[in-house]
Amino acid sequence: MNPVYRTPLLIASLALALAACKREPDGPQPPTAATTPETGAPVADATAPVAPPELKDVIETNERYVVGITYPPGIDRYPGLAKALSDYAQAARGELMEAVDGFGNDKPTAPYELSLSFEKLLETPQVVAVAADGSRYTGGAHGQPLIARFVWLPQQNHLLLAGDLVATPAGWQAVSDYVREQLLTGVTLRADADELEPAERSEVLKNASRMIDDGTEPKAENFAHFVPVLDASGHISALRFVFPPYQVGPYADGTQTVDVPASVLRPHLASTYSGLFAQ
């Protein structure tokens, strides 16, 4: 969780973020079902060969824009995963360039910027996980966070997607309930640590609860970003769900995470993937 924040700044931040978290995400999104991240088109047959894209780090600088993209070494050994990363980066760059092109022959007062780093978090014969973290600046007080997670199953040769992993409304309700409880507990503890007056504490908790409720509605797209947590035997003991700024809290709270244990997930897992999880 993020450091303790102060009132009344917190109340103002929560109020502003309530509106922000309602809108559709501006950045490229990872898929939640069998679709590609940049277009929503169906993913190609996992058995079909995929030509690995040439992933090269990118550094571009001029008076109109700055672009920096880095990839983890060796990720091209998984061509399908490499293509997913490349597609995400190209979509993010395309949105930056669309904003730059909107100036025509003029130029922004400060260069627009895209900073995106892919990091390999996990690699076993059963599962590979990559984090995408960065931001895109196209004016305003701060850049737009770019947060995504990609989980690749080498033996099945495809991405592990939220919409395929848990396929029932009851399953997402169980995940939502668990995540919501953890996030609300964190907010309550921070409010208690601040020793707020009763009225201020009530306002903070009310606004935080509304944001958390909106950001954790029981549907796959709210839980698209996740990373497996493995036990000593290499089985998944939990999924660490990742929530970008604005989804379940104000921008100042940054990226938040909640680990949902396998015991909560197991009754709702698609049978195709249940063997990956700890008993």
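Guide: One term to start: buried means under 20% relative accessible area, and exposed means over 50%. Keep in mind that this is a predicted model.

Visitor: Okay. Is Tyr246 buried or exposed?
Guide: Tyr246 has a relative accessible area of 18%, so it is buried.

Visitor: Where is Tyr246 in the chain?
Guide: Tyr246 sits in the loop between β8 (236-243) and β9 (256-261). Its phi is near 85 degrees, a positive value in a residue other than glycine.

Visitor: What about the phi of Glu195?
Guide: Glu195 also isn't glycine, and its phi is positive, near 50 degrees. You'll find Glu195 in the loop between α4 (169-193) and α5 (198-215).

Visitor: And is Glu195 buried or exposed?
Guide: Its relative accessibility is 68%, so Glu195 counts as exposed.

Visitor: New topic. How many residues are in the largest nonpolar core?
Guide: There are 40. Leu165, Val179, Phe226, Leu239, Phe241 and Phe277 have the most contacts inside this core.

Visitor: Which elements give two or more residues to this core?
Guide: Helices α3 (162-165), α4, α5 and α6 (262-265) do. The strands are β5 (144-153), β7 (226-230), β8 and β9.

Visitor: Which one gives the most?
Guide: That's α4, with seven residues.

Visitor: What does Leu239 touch?
Guide: Leaving out residues up to four places away in sequence, Leu239 touches several residues, including Leu165, Phe226, Val258, Asp259 and Phe277.

Visitor: What lies apart from that core?
Guide: Another core, of 28 residues. Among them are Ala89, Tyr112, Phe118 and Leu146.

Technical notes. Residues numbered from 1 in each chain as written. Predicted model: local features only at pLDDT ≥ 70, side-chain atom pairs only at ≥ 80, totals over all residues. Heavy atoms only, no water. Helix = DSSP H or I, 4+ residues; strand = E, 2+ residues; numbered from the N terminus. Buried < 20%, exposed > 50% of the residue type's maximum accessible area, 1.4 Å probe, protein only. Core = buried A, V, L, I, M, F, W, Y, C linked by side-chain atoms within 4.5 Å. Contact = heavy atoms within 4.5 Å.
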